[in-house]
Amino acid sequence: MLTKSRFDVVDQANLERKSSEETFLPLLANLVLESSFRYTVPFANLTLLGDDFFPTGYRRGFWGPQIKQVDETYLNKVDRAFEDFVNAMLAKGDTPSTSTWVLQYMLPGLNGHIPESDIDTAWPHSSIGHQTLFDPGWRNASSDGVAIVFNELLYDLANQRAKSTPSALHNGSAGVKECYDGRLYHYPNYIKPSASGIDVWGSNTARLATLKQKYDPDCSIHNGRVFASQGCVFRGYANIF
């Protein structure tokens with residue numbers, strides 16, 4: 001299933017923006033689409049489309065690495081891994097019926113909207129890849145380990161692909177160029193449980209911990225991922241090192 005999300009609001013700063021069809025033509029040109037349909041909904045109701053994908057009563061993961069290039073071999077491996085995950089959940093008597101794996105196509109260079117250097121932003125992304133998302137859903141806490149194991153397997157498949165393809169979608173380029181450091185950092189919204197600070201923020205991790213100490217010295221904000229500032233280490237909340 002291929003899903004495209006696009007806001008059809010006139011962008012005054014980019015009046016020459018390509019249409020959805022033009023934007024995705026390179027991706028769609030070699031696909032045979034058996035069927036398609038389009039939703040047109042008010043922005044206020046947009047979240048309602050996701051209710052069936054994220055029902056209540058399920059435990060959820062929301063993880064995924066970037067990948068430099070996608071080919072049939074990689075997709076076949078992911079397909080088999082996802083099938084094995086579903087079967088493993090069923091074998092435990094669990095219900096993985098809302099689980100998905102998604103490949104999010106990124107335009108080369110994000111259409112010129114990525115920084116020149118990794119130190120220009122908190123999250124280093126002067127080199128960018130396509131984004132994947134493993135969104136497992138299951139009901140029982142006893143099945144947590146199954147989701148984590150298969151998530152690590154999907155990361156391994158992406159890492160193997162990265163080692164075999166030295167190129168990445170680099171800043172501002174309409175084509176594919178050499179990645180400066182050969183590394184794509186994990187997207188902060190999809191951080192896997194075992195990720196370190198270096199995996200996500202690279203060499204910026206220490207700088208971000210310093211900023212955390214400057215603006216929140218008492219570590220008053222300490223939910224989720226917490227940088228290892230002096231205050232957060234002292235209070236025992238730090239988990240990003």
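**Salt bridges and ring pairs in a predicted model**

Asp216 is buried, at 10% relative accessible area (buried is under 20%, exposed over 50%, partly exposed in between, using a 1.4 Å probe and protein chains only). This is a predicted model, where local features need pLDDT of at least 70 and side-chain atom pairs count only at pLDDT 80 or more, while totals for chains, interfaces and linings use all residues. Residues are numbered from 1 along each chain as its sequence is written, and side-chain values use heavy atoms, with hydrogens and water left out.

**Salt bridges**

- The count here is four salt bridges, taking a side-chain nitrogen of Lys or Arg within 4 Å of a carboxyl oxygen of Asp or Glu.
- Asp216 pairs up with Lys212 at 2.8 Å, N to O, and Lys212 is buried too, at 16% relative accessibility.
- Arg59 meets Asp144 at 2.8 Å, N to O. Arg59 sits in strand 1 (residues 59-60) and Asp144 in helix 4 (residues 144-164), so this bridge ties together parts 85 residues apart in sequence. Helices (H or I, at least four residues) and strands (E, at least two) are DSSP runs, numbered from the N terminus.
- Arg60 and Asp135 make a salt bridge at 3.1 Å, N to O, linking strand 1 to strand 5 across 75 residues. Arg60 is partly exposed at 27%, whereas Asp135 is buried at 2%.

**Aromatic rings**

- The whole structure holds ten aromatic pairs, meaning Phe, Tyr or Trp rings (for Trp, the six-membered one) with centres within 6.5 Å; planes under 30 degrees apart are stacked, over 60 edge-to-face, and the rest tilted.
- Phe82 and Phe85 are a tilted pair, 6.1 Å centre to centre with 45° between the planes. They're three residues apart in helix 3 (residues 72-91), which means about one helical turn separates them.
- Phe82 also pairs edge-to-face with Phe134, with centres 6.4 Å apart and planes at 85°. That one joins helix 3 to strand 5, parts 52 residues apart in sequence.
- Phe85 is buried at 0%, and Phe134 is buried at 2%.
- Trp63, Phe82, Phe85, Phe134 and Phe150 form one aromatic cluster.

**Other contacts**

- Lys192 lies over the face of Tyr155, 4.4 Å from the ring centre; the test is NZ of Lys or CZ of Arg within 6 Å of the ring centre and within 35 degrees of the ring normal.
- His130, in strand 5 (residues 130-135), is buried at 11% relative accessibility. A polar atom of the His130 side chain lies 3.1 Å from the backbone nitrogen of Met106.

Technical notes:
A polar contact is a pair of N or O atoms within 3.5 Å; within protein, one must be able to donate a hydrogen and the other to accept it, and residues adjacent in sequence count only if both atoms are side-chain atoms.
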